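Here is a short report for someone meeting this structure for the first time. Please look over the sequence and the model before reading on.

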Amino acid sequence: MRRLRPLPPLPRDDGFWDAVGPLWRHPAVQSMARYPQHGEASCLSHCLAVAYLSYRCCLRRGLDARAAARGGLLHDLFLYDWHTYRPARGEGLHGFTHPRRALENARRYFALTPVEEDVILRHMWPLTPRLPATAEGRVVTMVDKYVSLLETFRRPASLEPGALLLRWGVLLAGK
Ligand SMILES: [Fe+2]
Ligand SMILES: [Fe+2]
């Protein structure tokens, strides 16, 4: 069984928690803590990092930060360990199919806006061919790749939200 790091300290940001609080407390979302994502990061830790960075990025750009936060938190709600998962006969590989699975699970538990659905369904572009239709979807798509790279290659301290935000802020500022 793969060892998973505990969650990093949660961001202290009332606006963010106003957007995602009910989702965060839901057992289906919390169950992502059981599943490894990249390196020692759980799916829950990954989705939280993607949600928060996407939220801050969209807030700064005057986009729908709430939808980015909610869609970001749910974007990998596929609810299995993809490292050991064996697709059923006729089912495609995880990389291609999990956005649809995550969307189906998210719809089961939550009422989603069209922007949130776009965020979840299109986040694997360009592996899946359709570019997100919304700016929020494009932000989450890029943030997802950024967080995934950090989780795969960086040491744990770099994954704390403060450290992530610092790097992301520097990137956005073009410094
Ligand atoms: Fe994903
Ligand atoms: Fe992801």
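How many of the 18 residues of H3 are buried? The count is 16, so H3 is largely enclosed by the rest of the structure.

## Overall make-up

This is a predicted model. The protein chain has eight helices and zero strands. Read from the N terminus, its elements run α-α-α-α-α-α-α-α.

The protein chain has 175 residues, and 42% of them count as buried. Take the contacts between residues at least 6 apart in sequence: 65% of these join residues at least 24 apart.

## Helix H3 and the core

Helix H3 covers residues 43-60. At 1.5 Å a residue, its 18 residues should span 26 Å. The end C-alpha atoms of H3 are 26 Å apart, so the two values agree. After H3 comes Gly62, with a positive phi near 70 degrees.

The largest nonpolar core holds 39 residues. H3 gives the largest share of this core, twelve residues. Helices H1, H4, H5, H6 and H7 also supply at least two residues each. Cys47, Val50, Ala51, Tyr55, Ala68, Ala69 and Leu73 have the most contacts inside the core.

Setting aside residues up to four places away in sequence, Ala68 touches Ser54, Tyr55, Cys58, Leu63, Val119, Glu136, Val139 and Val140.

Gly71 lies in helix H4. Is Gly71 buried or exposed? Gly71 is buried, because 34 other C-beta atoms lie within 10 Å, and 20 or more are enough to count as buried. Beyond its neighbours within four places in sequence, Gly71 contacts Val115, Glu116, Val119, Ile120, Glu136 and Val140. Gly71 and Val119 are 48 residues apart in sequence, yet their C-alpha atoms are 5.5 Å apart in space.

## H6 against H7

Two packed helices are described by the angle between their axes and the distance between the axes. Helix H6 spans residues 114-122 and helix H7 spans residues 135-153. They pack at an angle of about 35 degrees, with axes 8 Å apart. The crossing of H6 past H7 is right-handed.

Which residues make the contact? From H6 come Val115, Asp118, Val119 and Arg122. From H7 come Glu136, Gly137, Val140 and Thr141. By class, this contact of H6 with H7 has three nonpolar, two polar and three charged residues.

Conventions:
Residues numbered from 1 in each chain as written. Chains lettered and ligands numbered in written order. Predicted model: local features only at pLDDT ≥ 70, side-chain atom pairs only at ≥ 80, totals over all residues. Axes fitted to C-alpha atoms, helices over the stretch in contact; angles between N-to-C directions. Helix = DSSP H or I, 4+ residues; strand = E, 2+ residues; numbered from the N terminus. Left-handed = near helix turned anticlockwise from the far one by under 90°. Contact = placed C-beta atoms within 7 Å. Nonpolar A, V, L, I, M, F, W, Y, C, P; charged D, E, K, R; others polar. Core = buried A, V, L, I, M, F, W, Y, C linked by C-beta atoms within 7 Å. Buried ≥ 20, exposed ≤ 12 C-beta atoms within 10 Å, placed from the backbone. Expected span 1.5 Å × (residues − 1).
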